[in-house]
Amino acid sequence: MEGEALEALEFPAIAERVAAAAASAYGAELARGLAPSPDPGEVARRQALTGEAVGLVEASAEPALHGIGDVRAAAERAARGGALAPGELAEIAAAIRGALAARGALGETEDAPLLRALAEPVDPALGGLADRIEASVEPDGSDLKDTASPLLRRLRRDVRTSGERVAEELRRLARSRDLRQHLQEDFVTQRGGRAVLAVKASARSAVPGVVHDASSSGETLFVEPFAVVELANRRSEAAGEERDEAERILRELSAAVGERADALRALVEATGAIDLALACAAVSRGWRGTPVERSDEVRLVAARHPLLDAATAVPIDLDLGGLRALVVSGPNTGGKTVALKTLGLAALLHQSGLRPPAGRAALPVFDRVLAVVGDRQSIEMSLSTFSAHLGDLIAVLRAATPRSLVLVDELASGTDPVEGSALAQALMARLAGLARLTVVTTHYAELKEWASATDGAANAATAFDPETQEPLYRVALGRPGTSHALETAERLGLDPDVVADATARIAPERRRVAELLAEAENAARAGAESRDAAARERDEAARAAAGAEAREAELQGEIERVHASAARERDRAVAEAEHELAEARAELRALRDEIRAARRLQRRVPREADAEPERDRRLGGASERAAKAERALRKLREPLPLTGPLAPGDPVEVPELGVRGTIAALEGAEAEVVGAAGQRVRIPVARLRPSADLTEPEEPQTAVRVVASARSDVSDELDLRGRRAEEARAAVRSFVDDAVLAGLASVRVIHGRGTGAVRAAVRDELARHPLVEGFESDSADGATVVALADGGHR
């Protein structure tokens with residue numbers, strides 16, 4: 001692509017945005033050098049890479065590439081025998097670790113074969129080099145580790161030990177009575193790598209030693225006493241040996257890096273290519289880019305300029321099909337140049353591997369994008385605006401091919417209007433025959449007429465609001481636009497008399513043409529608004545219909561769930577009743593056997609007669625429970641009675657569903673039942689039967705009632721010892737409710753004697769409870785036995 005065209009269309013700003021999204025240094029470098037490709041195969045490869053990267057980003061499965069530095073220069077220097085610093089070695093180890101992690105992450109996904117192939121050059125054997133570096137270099141690269149070698153560890157220990165001995169000796173001297181009075185300060189400091197004392201200049205002779213420095217005022221001398229010189233020398237010798245050992249280790253590590261310089265170069269390039277694809281994906285998603293369909297036609301729907309704010313940019317449609325030439329006209333600042341750049345950038349983005357911001361896009365692959373946009377006047381080259389413009393047009397004519405896209409802003413402007421319009425028509429005729437597509441902007445009426453009369457060419461207009469006298473930044477294909485120069489001048493504050501004078505000077509036929517164009521523009525805009533309003537109404541109607549269907553399906557599903565739940569509840573109740581009946585019958589048989597055995601033994605063991613009343617009581621209770629279970633089972637199993645003719649307003653119920661209410665409407669074989677609370681449910685008429693309860697005025701109607709089923713895990717005893725009175729009240733209420741629902745005839749509440757407060761609260765609560773028939777003391781008044789009403793439902 002021509003470099004000047006990229007600059008004119010602001011493509012470098014796009015490249016910088018991609019670079020900012022890159023995670024690695026080399027990925028950012030590749031992004032800044034990004035250029036569109038004229039090769040259809042390469043364009044398809046780039047788009048496929050971006051598509052895979054978009055998928056990974058959306059699935060949060062993209063590899064982490066942060067921390068992979070561009071270590072190629074360091075590796076090359078090491079290959080030439082140079083020694084690397086600890087920081088460079090640490091950066092190389094981090095790059096290896098990051099690249100190997102990225103290669104592993106891409107190897108685990110089946111959805112990114114192209115990205116996985118990009119990671120193949122990363123050599124897993126480089127992990128050994130990273131291990132070796134990490135064993136010797138601190139993670140932050142500040143220095144070698146003490147463990148880099150046994151000798152380095154010993155030498156560093158010697159340096160520390162000897163340094164501590166020097167410092168301790170100096171502190172001892174500073175505390176001594178003989179030297180203290182001659183010191184400027186009593187602390188130990190460093191000069192030239194040697195530990196020294198700050199001695200008063202006037203007392204130099206009192207502190208024998210080597211002077212290493214003096215203060216700027218000359219009042220203080222920094223002296224190394226002779227007493228520590230030998231100790232300091234031994235420390236310096238150890239420090240020198242430590243430096244030699246560190247340099248030896250760094251040279252060895254650098255040599256190992258140099259041996260793998262080619263592998264490190266391949267690693268950086270591979271991860272940079274992966275990073276570029278991920279950056280393109282991130283930027284494309286950021287401006288809501290769309291995949292481009294490869295086509296011989298040009299079609300952009302709801303396209304936006306990628307550098308404009310997505311929230312405020314007005315999308316445009318450029319459905320050009322197989323057109324060879326397009327002439328865009330309209331008012332100044334109306335969006336003509338933005339439309340031109342939007343088309344050009346869409347092509348450049350597509351061929352660079354990015355997705356252009358649009359609703360839909362179909363584009364060919366252009367071999368060149370030739371753009372003449374902006375004023376290229378040059379004082380240095382003695383070129384006027386028109387001369388520079390004409391020079392660019394000559395270059396375009398020479399470079400254009402049948403696969404080229406040509407974009408020209410204000411074609412042949414900047415000269416005599418008559419000659420300029422004639423030149424513009426001739427240039428358009430030539431470019432339409434040379435290039436795949438030529439798009440120009442103009443104010444020339446003659447060029448608009450040429451587009452209307454030429455096959456393969458068309459006009460397009462940028463919209464203008466006649467009420468606000470402001471541009472709308474939309475593009476309408478198929479008709480020319482008007483410049484609205486006088487309206488714009490008046491809007492910007494030009495004297496109305498001057499505007500009126502200018503209007504009068506326009507030839508009547510020209511003025512009439514402008515009026516007709518404005519009328520056509522207004523009619524087209526009104527038609528578009530009507531179409532948009534109709535489309536919105538259709539969409540709203542469709543949404544309402546879809547919502548109604550969804551609600552109907554939801555209600556039907558709810559009815560089916562209620563029916564299924566009722567059936568399950570009925571089955572469960574039947575199973576519980578059968579189980580209870582079986583248990584009662586088993587208990588009856590056991591008690592009868594026990595009675596018969598007891599009576600046989602009565603003559604031999606008279607004492608057994610005392611237990612007979614207790615057995616009789618147990619037998620009677622078991623018989624009663626068995627009979628009760630049989631009655632419940634018969635009631636559950638009895639078929640639903642057929643109802644007579646029902647009418648709206650009749651009170652009805654469906655016991656097995658727990659539904660009670662009043663018929664609101666009858667529709668075929670179904671009835672809509674509603675209660676006092678307003679709930680509604682549709683139920684087959686065959687399942688309804690008249691409800692006597694609803695005819696009684698003292699009982700309020702309930703549309704849908706949840707019937708609690710008996711629980712099998714309720715105890716017949718409640719221990720309240722240790723609780724406060726209010727807690728005991730709540731516990732008693734809940735316990736009595738559960739016991740009644742469980743079908744218990746009596747229960748026992750243990751409250752203890754204590755102060756009597758809990759006992760009083762319990763018995764007060766029992767006296768109030770509607771399901772308690774009576775109660776009496778038990779266990780020396782530490783408990784209360786409660787007689788309950790028949791198990792059932794309130």
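## Helices, sheets and one arginine

Q: At roughly what angle do the axes of helix 4 and helix 13 cross?
A: This is a predicted model, so keep that in mind throughout. Helix 4 covers residues 40-58 and helix 13 covers residues 336-352, and their axes come within 7 Å. Angles of 65 to 115 degrees count as roughly perpendicular, and helix 4 is roughly perpendicular to helix 13. The crossing angle is roughly 80°.

Q: Which residues of helix 4 meet helix 13?
A: By class, the contact of helix 4 with helix 13 has two nonpolar, four polar and one charged residues. On the helix 13 side you'll find L349, H350, Q351 and S352. Their counterparts in helix 4 are V43, R46 and Q47.

Q: Which strands of the sheet does helix 13 touch?
A: The sheet in question is open, has four strands in the order 5-9-6-7, and its pairing is mixed. Helix 13 packs on that sheet, and its direction makes about 70° with that of strand 7. The strands touched are strand 5, strand 6 (298-303), strand 7 and strand 9.

Q: Why is one side of strand 5 and of strand 7 left without a neighbour in the sheet?
A: In the order 5-9-6-7, strand 5 (293-294) and strand 7 (316-321) stand at the edges. One side of each is left without a neighbour because each has a single partner strand.

Q: What is the bridge partner of E293 in strand 9?
A: Strand 5 and strand 9 (residues 360-363) pair in the parallel sense. Two bridges hold that pairing. For E293, the partner in strand 9 is A362.

Q: Which strands stand at the edges of the five-strand sheet?
A: This open sheet has antiparallel pairing, and its order is 18-17-16-15-19.

Q: Which residue in strand 16 is the bridge partner of P651?
A: Strand 15 (residues 651-654) and strand 16 (residues 659-667) pair in the antiparallel sense. Four bridges make up the pairing. The partner of P651 is T662.

Q: Is R285 buried, partly exposed or exposed?
A: You'll find R285 in helix 12 (residues 261-286). Its relative accessibility is 41%, while buried means under 20% and exposed means over 50%. R285 therefore counts as partly exposed.

Q: How far apart in space are R285 and E58?
A: In sequence the two are 227 residues apart. Leaving out residues up to four places away in sequence, R285 touches V54, V57 and E58. C-alpha to C-alpha, R285 and E58 are 9.2 Å apart.

Q: What share of the residues in the protein is buried?
A: The protein has 22 helices and 23 strands. It exposes about 41600 Å², with carbon and sulfur atoms supplying 51% of that. Of the 794 residues, the buried share is 41%.

Methods:
Residues are numbered from 1 along each chain as its sequence is written. This is a predicted model: local features need pLDDT of at least 70, side-chain atom pairs count only at pLDDT 80 or more; totals for chains, interfaces and linings use all residues. Side-chain values use heavy atoms; hydrogens and water are left out. Axes are lines fitted to C-alpha atoms, for helices over the stretch in contact, and angles run from 0 to 180 degrees between N-to-C directions. Angles under 35 degrees count as roughly parallel, over 145 as roughly antiparallel, 65 to 115 as roughly perpendicular and the rest as oblique. Contact means heavy atoms within 4.5 Å. Ala, Val, Leu, Ile, Met, Phe, Trp, Tyr, Cys and Pro count as nonpolar, Asp, Glu, Lys and Arg as charged, and the others, Gly among them, as polar. Two strands pair if DSSP finds at least two bridges between them. Buried means under 20% relative accessible area, exposed over 50%, partly exposed in between (1.4 Å probe, protein chains only). Accessible areas come from the Shrake-Rupley method with a 1.4 Å probe; for residues, only the protein chains shown count as cover.
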